[in-house]
Amino acid sequence: MKKALPLLICFILSVTLSQAQDAPPDTVKTGIYITSIHDIDFKQSEYTINLWLWLTYKNKQFDFIQNLEIPQAKSFTKSFSTIDSSNGRIYLLMKLQCVMKDSWRINNFPFDRQRLRFSIENSQYDSRAMVFVVDSLGKQFDPRFTLRGWNIDSFKMSTGTKAYETAFGDSSVAKPHTEYSSFTVKIGIGRDAGQLFWKMFLGMYVSFLIAYICFYIHPDNIDSRFGLGVGSLFAAIGNKYIIDSSLPDSTTFTLVDTLHGITLFFIFAVITSSAWSLKLIKANKLREAHRMDLILAQVVLLLYVGLNVYFITKASSGS
């Protein structure tokens, strides 16, 4: 009997530990309400988001006031928080202001569409201890103050598991792999690009038109034609550098690069035609030079307008 008692105790402990290991993780019901998104800085690839975040759960040890983790945030502050622990559950409401880092897709700028990502985790408890559940009741953002100059195309809340290929220095973990539950919000936005497009590219188009006028200057005034053409070339280059200074570095060929490249090419074509006109004048072929200018004027204008319409339409449609 005395030998059976320790065996019974060991059996009970092993069953208890096995049940504890097999127990499902606690759930944390999570909701969000975004009040504003502002200070979008394309050069630094960041933006600021103000929001209300609420979490409902049973386990007091989760302590989201201390253990809240926002992986994509450059910095965040809690300006307000309140806890209600009645009815055997904890209801935590907090207001956050987060400076988020993100990567912008600028290939179609200023007709670009972006996806803003916001996610939270608990820095102390992995997915074996707790998982998030979406609270989707009601609206999730204030459409009046969310984002100026942009339209929200989509808003999706989801939960998942984020894997970290490390044990964070815990030598008791056999494999360097840890998984944490995450609550994620993805916001698809599209820019109101009409006025911004003309604001940024008006200087480029004026540069082209100044160069284009050279076709209608009499071939005798060849100095004026060369002066206008070269001046327009430098003006277009300057306009491109001004736009590039407000955008993050990109290794791909963007719409900004395409339109400026087309403009520089056609301005160069105008300068080349002026040089050809000069050659004809030197050969006393004034009529031929004038005829060539009239023909090239129509061809250059049609090609330039056609290429601009094609690439702008392609970018605005997102293709």
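Two strands count as paired if DSSP finds at least two bridges between them. The legends below apply that rule to a predicted model.

**View 1. An open sheet of four strands.** The strand order is S3-S6-S9-S8, and the pairing is antiparallel. Strand S3 (68–69) and strand S8 (150–164) form the edges, and each pairs on one side only. S8 runs antiparallel to strand S9 (residues 178–191), joined to S9 by 14 bridges. Within this pair, alanine 163 stands opposite glutamate 179 in S9.

**View 2. An open sheet of five strands.** Here the order is S4-S5-S2-S1-S7, with mixed pairing. From one strand to the next, the twist averages 30 degrees. Strands of a sheet pair through backbone hydrogen bonds, in either a parallel or an antiparallel sense.

**View 3. The pairing of S2 with S5.** Strand S2 (residues 46–57) and strand S5 (residues 90–101) are antiparallel partners over 12 bridges. Leucine 51 stands opposite leucine 96 in S5.

View 4. Leucine 53 lies in strand S2. Is leucine 53 buried or exposed? Its relative accessible area is 0%, so leucine 53 is buried. The cut-off for buried is under 20%. Residues up to four places away in sequence are left out of the contacts that follow. Leucine 53 touches Thr30, Gly31, Leu68, Leu92, Leu93, Met94, Leu96 and Ile120. Isoleucine 34 is 19 residues from leucine 53 in sequence. In space, the C-alpha atoms of leucine 53 and isoleucine 34 are 8.6 Å apart.

**View 5. Helix H3 against helix H5.** Two packed helices are described by the angle and the distance between their axes. For helix H3 (residues 194–212) and helix H5 (residues 255–282), the axes come within 9 Å. They cross at roughly 10 degrees. Angles under 35 degrees count as roughly parallel. H3 and H5 are therefore roughly parallel to each other. The crossing of H3 past H5 is left-handed.

**View 6. Residues where H3 and H5 meet.** H3 contributes Phe197, Phe201, Met204, Tyr205, Ser207, Phe208 and Ala211. H5 meets them with Val256, Leu259, His260, Thr263, Phe266, Ile267 and Val270. By class, this contact has 11 nonpolar residues, three polar residues and no charged ones.

View 7. Most peptide bonds are trans, and most residues other than glycine have a negative phi. Which residues does the cis bond join? It links phenylalanine 109 and proline 110, with omega about 5 degrees. Proline 110 sits in the loop between S5 and strand S6 (113–122).

**View 8. Two aspartates with positive phi.** Aspartate 39 has a phi near 50 degrees, a positive value in a residue other than glycine. Aspartate 39 is found in strand S1 (residues 26–41). Its relative accessibility is 56%, so aspartate 39 counts as exposed. For aspartate 63, phi is near 45 degrees, again positive in a residue other than glycine. Aspartate 63 belongs to the loop between S2 and helix H2 (64–67). At 31% relative accessibility, aspartate 63 counts as partly exposed.

Note on methods: Residues are numbered from 1 along each chain as its sequence is written. This is a predicted model: local features need pLDDT of at least 70, side-chain atom pairs count only at pLDDT 80 or more; totals for chains, interfaces and linings use all residues. Side-chain values use heavy atoms; hydrogens and water are left out. Axes are lines fitted to C-alpha atoms, for helices over the stretch in contact, and angles run from 0 to 180 degrees between N-to-C directions. Angles under 35 degrees count as roughly parallel, over 145 as roughly antiparallel, 65 to 115 as roughly perpendicular and the rest as oblique. A crossing is left-handed if the near helix is turned anticlockwise from the far one by less than a right angle, and right-handed if clockwise. Contact means heavy atoms within 4.5 Å. Ala, Val, Leu, Ile, Met, Phe, Trp, Tyr, Cys and Pro count as nonpolar, Asp, Glu, Lys and Arg as charged, and the others, Gly among them, as polar. Buried means under 20% relative accessible area, exposed over 50%, partly exposed in between (1.4 Å probe, protein chains only).
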